[in-house]
Amino acid sequence: MPRIFFTLGTINAFLCVLLGAVGAHGLKHKLATDMLATFQTGVQYHFYHALGLILIGLVLLNFPHSRLLKLSGWVMFAGIVLFSGTLYIVSLTGIRGLGMIAPLGGLSYMSAWLLFAYAAWTGK
């Protein structure tokens, strides 16, 4: 299981660098300022949580049977898809109504970190 989270984390870190470069160079003159800021927010949170997935993989090396850590990783990955993915789609398409999905991603991010903390505290 650590290998899965290492892989998910590193692939997502790669995507962050790629999307950050696309935003900075390819979209700078194509998107409105507010939409570019939305895109950049997606990249920023995406990157934090790509590193979080790598961290979960590292911690799982020491606690390979922790169901809470594994759950934390999957919830964090869902947060990437729901929060950052939604921000990317909204900024590229202009369909602001999809932004209603992003808070679910934010809740996923927060839940993942709380699960991680609880797993660390209890050793479960």
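Is the crossing of α1 and α3 left-handed or right-handed?

Analyst: The crossing of α1 and α3 is left-handed, meaning that the near helix is turned anticlockwise from the far one by less than a right angle. A word on ground rules: this is a predicted model, where local features need pLDDT of at least 70 and side-chain atom pairs count only at pLDDT 80 or more, while totals for chains, interfaces and linings use all residues. Numbering starts from 1 along each chain as its sequence is written, and side-chain values use heavy atoms, with hydrogens and water left out.

The chain has four helices and zero strands (DSSP runs, H or I of at least four residues for helices and E of at least two for strands, numbered from the N terminus). Helix α1 covers residues 2-26, and it packs against α3 at an angle of about 20° with the axes 11 Å apart (lines fitted to C-alpha atoms over the stretch in contact, with angles from 0 to 180 degrees between N-to-C directions). That makes the pair roughly parallel, the term for angles under 35 degrees.

Who's touching whom? On the α1 side, Ile 4, Phe 5, Leu 8, Asn 12 and Leu 19 meet Lys 70, Gly 73, Trp 74, Phe 77, Ile 80 and Tyr 88 of α3, contact being heavy atoms within 4.5 Å. These residues divide into eight nonpolar, two polar and one charged.

As for α3 itself, there's a kink of about 25° centred on Gly 85 (the angle between axes fitted to the seven residues ending there and the seven starting there). Just after α3, Gly 94 takes a positive phi of about 80°.

How values were computed: Parallel < 35°, antiparallel > 145°, perpendicular 65-115°, else oblique. Nonpolar A, V, L, I, M, F, W, Y, C, P; charged D, E, K, R; others polar.
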